Amino acid sequence: MPELPEVEVIRQGLAQAVNGARVASVDVLDSRALKRHQSGDASPAHDFAARLTGATLRAPARRGKFLWVPLDPGPAGADGGAIAPTTALLGHLGMSGQMLLRTLEQPDDRHVRVRAWLDTREHGELRLDFCDQRLFGSLALDELIATDDGEAAGWGSEHALIPGQAAHIARDPLDPVFDAERVLEQFARRRVHVKKALLDQRIVSGIGNIYADEALWLARVHPETPAANLSRQAGRRLLDAVHGVLEKALAEGGTSFDELYVNVNGESGYFAHSLNAYGRGGEACSRCETPIKRILFAGRSSHFCPRCQRRR
């Protein structure tokens, strides 16, 4: 599943093209991709296409694994300032979602579910393809609501407004107003394994299985340590590790194990070459050469070094 670095790479790629673009038309090829779109009694496909066609897009924003593009509400106000948007195109990539920018003459991408034809300022006519092989991802038009802390909603956002469907998501470690102490306070109240706490998007967002394993390895914390048992020092070390792993993965374009994750140009990330724990079961730990152990965790795999990450 694309995690924070992958979604941020996509946001950055979109930002170079969609800000100020006008949506010329929309083709909904598979309405299952609109499972989050709320259309009342109307057809989701018809309502989505009708409301998005003709809209002008603003700069995309992101919190955790949620990505949204605000729709420009109209001309500037009397004071010349931009009017705050009220609606956004909200995207979640699920397991295999992709958002691809293509020129008109490029061949069709596989598993296209929704296509928007754009008139952009700098790149002329482009198409934006939402592709999703496994259909766990989704697009929707969603109303923007005020953030609960009054701060800008997320990375790339200039307004304290967030799509209602993403409002329950906690801030992520790369967010400029991320509050590490608040996260540590929530850890202290939870008896669940610390890895489960890291994956809880209501506590801290953007972290999935890959980067949880990597951060725990870097911080030398056993994944089955109860979150409440972490000392304040160990908790801070873990959050520092999370931040460092996410930043490094972002710099390397994210993690690609197959063709399911690519950036907006269809290119793969290369952080998979930097992994120390995830997916390396049976291989030597790069720190102490003890074989990395793989265990089942909530129906998925969890990887750690039994020597470096002893359960205390």
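**View 1. Phe271 is buried, with 2% relative accessibility.** Buried here means under 20% relative accessible area with a 1.4 Å probe, protein chains only (over 50% is exposed, in between partly exposed). Tyr211 is buried too, at 2%. This is a predicted model, where local features need pLDDT of at least 70 and side-chain atom pairs count only at pLDDT 80 or more, while totals for chains, interfaces and linings use all residues. Residues are numbered from 1 along each chain as its sequence is written, and side-chain values use heavy atoms, leaving out hydrogens and water.

**View 2. Tyr211 and Phe271 make a tilted aromatic pair.** Ring centres of Phe, Tyr or Trp (its six-membered ring) must lie within 6.5 Å; planes under 30 degrees apart are stacked, over 60 edge-to-face, the rest tilted. This pair sits at 5.8 Å centre to centre, with 45° between the planes. Tyr211 is in helix H5 and Phe271 in the loop between helix H6 and strand E10, so the contact ties together parts 60 residues apart in sequence. Helices (H or I, at least four residues) and strands (E, at least two) are DSSP runs, numbered from the N terminus.

**View 3. Arg287 puts its charged end over the ring of Trp217.** The distance to the ring centre is 3.8 Å. The rule wants NZ of Lys or CZ of Arg within 6 Å of the centre and within 35 degrees of the ring normal.

**View 4. Five strands build an open antiparallel sheet, ordered E2-E3-E4-E8-E9.** Strands pair if DSSP finds at least two bridges between them. E2 and E9 are the edges, each pairing on one side only. E8 and E9 share three bridges, and Ile145 has Ile162 in E9 as its bridge partner.
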